[in-house]
Structure formats: C-alpha cells, structure tokens
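Here are a few exercises to work through with the model open in your viewer. Try each one yourself before reading the solution.

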There are 2 protein chains.
Amino acid sequence: MATDPVIGRGRLKRLARLDQGKVRRELGLRLIEGKKLVDEALAAGCVGELFVREGAKEAWQGRAAGVPVHVLPAHDMELLCDVKTPQEVVAIGPLPEPVSADSVLRFAEKALLLDGVQDPGNVGALARTAAALGVQGLLAGPGTADLSSPKVLRASAGSLFHLPQSAISGPGELSGLLDVSGHRLVVPVVTGGEDIRNVTPPPSWVLVAGSEAHGARVSAEGGLKVTVPMARGVESLNVAAAVAAILARWLDPPTCARP
Amino acid sequence: MATDPVIGRGRLKRLARLDQGKVRRELGLRLIEGKKLVDEALAAGCVGELFVREGAKEAWQGRAAGVPVHVLPAHDMELLCDVKTPQEVVAIGPLPEPVSADSVLRFAEKALLLDGVQDPGNVGALARTAAALGVQGLLAGPGTADLSSPKVLRASAGSLFHLPQSAISGPGELSGLLDVSGHRLVVPVVTGGEDIRNVTPPPSWVLVAGSEAHGARVSAEGGLKVTVPMARGVESLNVAAAVAAILARWLDPPTCARP
C-alpha cells in the first residue's frame, strides 16, 4: 500500500473554502461530500483526492484505487464539510472540463435549460430528475446556482457527474444555438400553453426550467408553450415538480408493452 | 377601525417558540410566515392574528378583515420568524381540527400517504404537488415531518390550508381503513413494479410517498406496485419527483381534447 501524502492544516483550510464559487474557480476544484456522492464520483472518475475520518480508511482504500487517501481526525473533517454533521468521507475533484453548449446539443436530443434557477436544492433536484427521466444534457443560463456547489451536488445525487453540461450567456446565444441544432424550445407556462396531456414531444427539444421568482426568461416566441393542468385554486407548481411532470408525460414509449 | 390589542414581549417570545412541535401542540397554534403564505391562509380562513412590520400595516388591514393586526418593529418580527430575513408579515392560526383518516378517505378518491417522509422540504413539496395534480386528501404516517411546522408550510405554498389531512398510526390502521373504503394502495418501487407508462389508475387510490432513507414501510401486499422507468445508471428519484411523475401520468383525461 502506497504511503499517503501528508496534508497540512493550511491546505485543509484552503480546501474548506471550496464551498465558495470564487475559490472553486481559482483552484479548479470542487468538494464532494458523503458516502453516496463520493461513490458516484469515484465510479464516474471525478475524484482527485479522498479525505476519510479516522477509523473509516479501510472501507475506502479498496474503492479508491489510485486516488490518494488522507485520514483526518473528526474535527478536521468538520472543517471540510458544508453540512453540520461531518461526513465519514469527503473528496475533492477537478471541476468538469468546460464543454461548449453546441457540443452538449450535438450529443443530447433531450436537454434541460436552467434559466436562472437560483435555489441550489432546486438545481440539484432538477438535474437528478432530468437524468432519471431521459434528459441527456444540461444548459445553465445566467443567474443559475453554480452546478459545482456542494449543495447542488448533494441534491443532484451524483447525476451531475454524468450529465454533459455547459453554461450559456443568455437568450441571444441560445437562439443562435437552436437555429443550428434544430432543437425545439419548450417553455412551461402556468396558463395558456398546450395542455401536456395533448402534446406530442418534438423529435429533439430543450425544456426550460424557469427561475423560481420570474419563470422563464428566454423568449417563448417560436417555442412550444406547454401547461401542466392544475387543480382549481392552486397557483403554481414548484419548478422541479413541473419539470418532473412534463418529463413523465414524455417518457419514451415502453419498448415492450404489456398485452 | 378597531383598536388593535397590545402584545407584550413575553407573549411574543412564547409565540416565537411555535417553531417547536411541542409548543404548537401545547398552544394549539401554528406560525404562518411571509406574504404569499399569509395571503393563502387568510383566503382559507386559517388566520387568528396578524403581525406586520412597521410601515406595512395599511397593506394588510384591508385584507385581514376581522383579524387583529399587531404592528411590530423589525427586531420583534425577527424574533417571530423562522427564516433568517424577517418577513413583512407573520400570522398565527389555530392548528387544523383533527380529522379522522376515514373521513379523509370518504372525501378523497385520490389520496397521498406520507409514509415517514422526514424532510420538511420534501413533505411540503409533496403536499404542493399533490394538491396541484389532483390529490384530495393527505394521510401522515409515523415519522413524517409535522404538517404544521413552518418549513413544511413554506414548502407547501399554502396547499396544506386546503387539503384535508389526518395522522394515521401505522400499517395496521391503514389496512383496516382500506378494507372499508375500497381505495387501492399504490406503492412506488424502484424496480419490478408495473411500468407507469402501462398502468391505468384504479378508480380510487392511496399513493404512498415513502421515507427518503427506507422507502415505503407499509406492506405492498395486495397493493399495486408501480415503477417509474429510469435511465440506465440512475439509482433513484427523489420521493417528491417520483410522486410528481406518477401523478402526471394519472392526470384525468382532458375534458376538452384538441382536435
């Protein structure tokens, strides 16, 4: 077993500041907290170094082949953790390589645009739901919570380690991209869009998840406006629930239908 | 205009403790924070008293006909608020009258069982989504976050002021209830259930939202197990997303289909 590198308290303190977007961009690293998330990140090859609490090393040594494993006392683990109860394991890994939005759209027939979704929990939940229900790529517009923040990664349950993702600068860039890629923009609106029970999904599409406060900021002109029918007296759905509802209606037909 | 009652600092401090379940049950009251939620609560007749920040009284006096309005300086509003940024308005109102589970099921053809959902954000989101997508009643099993906690109410966006709701003691009580009511129990399972793309909803049902850590604890025996098909490599959906997906598939057919 290779001897693991020693980690100084100064470096640890710098890494603890990876909960700040500015520091993540400076160091080119992100924090990955907790067993489940670290397991996903290891499987996806997204881990650079591992930090485990005293006593838990054996469990991780095998899983983390080729990755340096640092053993830390509980109070140092606390320093690294964004959540109140310190985790058994925390990893750091490189920020994902920047990918251009047009390569995301070349790859993904079904994509989700985060159009200024501010709440990290919503952003993570949207990524998780999108990945589960068939979306193959993410675009993040201005004002969207940082896809590499610890809160977003936690709520995404690892899906962000797999989904191709790109930032876009705004509506202008998007409309240029769609002209080339041929994806149809799909904009959920609270009322007045096509009822999702009647809509056949276009062959390739970019579904818009609008901001919590202001809804979609991209122009719906030329796009397909869709509406999730709601019970009387209900004002709106949370953005993550609305996207889950639309994606559930648009699941591919079963490959093997029951008789 | 009636003179509003004076509120002492001692009473304010007691009310501030309404973020604790024990205190809510002792006083028979719940806290309702923020403009949107208070508006919903007023419309639903769920407000007993209103607390508004200095300068905001006029805006609320008219809307809160017959309800005492206390004007408080910002630091006292802070005391009452569960969130960090103090709200312009906070209300207190009586806890909902206890309703028996069998009356909820007599009223609701479509009901949701919160089967130990612990996270207040998830419980609120589930109530909001359920109300929007046609669910008419809620049952809360043991271990579920308190439906009257400030966090749950916030995440529910007011839907809990309208949805009939009842606590149930556990699987035994539930199965007795279902025998009488004739509702079919519907249990989402990660794999091996009927694909939701193929399932026709039973005439009346209780859909189970399982706990985040352990899934459904009620027995699926005799119930209908359903599975949301997921993309390869994705382990699971968040409980609120899974419920949104199932409810979206089960929306009533449009009353007025497009040609």
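**Exercise 1.** How many residues does the contact take from chain B and from chain A?

*Solution.* Keep in mind that this is a predicted model. Start with the count: chain B puts in 31 residues, and chain A puts in 31 residues. Next, look for helices on the chain B side that touches chain A: H7 (120-132) and H10 (239-249) each supply at least two residues there. Then sort that side by class, which gives 18 nonpolar, eight polar and five charged residues.

**Exercise 2.** Work out how chain B is related to chain A, and which residue of chain B comes closest to the rotation axis.

*Solution.* Now look along chain B for the C-alpha that comes closest to the axis; B:Ala245 is the one, at 2.5 Å. Finally, compare the two sides of the interface: 100% of chain B's interface residues are also interface residues in chain A, so the copies meet through the same surface.

**Exercise 3.** At what angle do H7 and H10 of chain A pack, and which residues make the contact?

*Solution.* Take the geometry to begin with: helix H7 (residues 120-132) and helix H10 (residues 239-249) of chain A pack at about 10°, with axes 9 Å apart. Angles under 35 degrees count as roughly parallel, so H7(A) is roughly parallel to H10(A). On to the residues: H7(A) brings A:Asn122, A:Ala125, A:Leu126, A:Thr129 and A:Ala130, while H10(A) brings A:Val239, A:Ala240, A:Val243, A:Ala244 and A:Leu247. Class by class, that makes eight nonpolar, two polar and no charged residues.

**Exercise 4.** In what order do the seven strands of the open sheet in chain B run, and which are the edge strands?

*Solution.* Trace the pairing across the sheet and you get S7-S6-S5-S10-S8-S11-S9, with parallel pairing. The edges are S7 (165-167) and S9 (194-195) of chain B, each pairing on one side only. Zoom in on one pair: S8 (residues 184-188) and S11 (residues 224-227) of chain B run parallel and are joined by three bridges. There, B:Val186 stands opposite B:Leu224 of S11(B).

Methods. Residues numbered from 1 in each chain as written. Chains lettered and ligands numbered in written order. Predicted model: local features only at pLDDT ≥ 70, side-chain atom pairs only at ≥ 80, totals over all residues. Least-squares fit on C-alpha atoms with pLDDT ≥ 70 in both. Contact = placed C-beta atoms within 7 Å. Axes fitted to C-alpha atoms, helices over the stretch in contact; angles between N-to-C directions. Helix = DSSP H or I, 4+ residues; strand = E, 2+ residues; numbered from the N terminus. Parallel < 35°, antiparallel > 145°, perpendicular 65-115°, else oblique. Nonpolar A, V, L, I, M, F, W, Y, C, P; charged D, E, K, R; others polar. Pairing = 2+ DSSP bridges.
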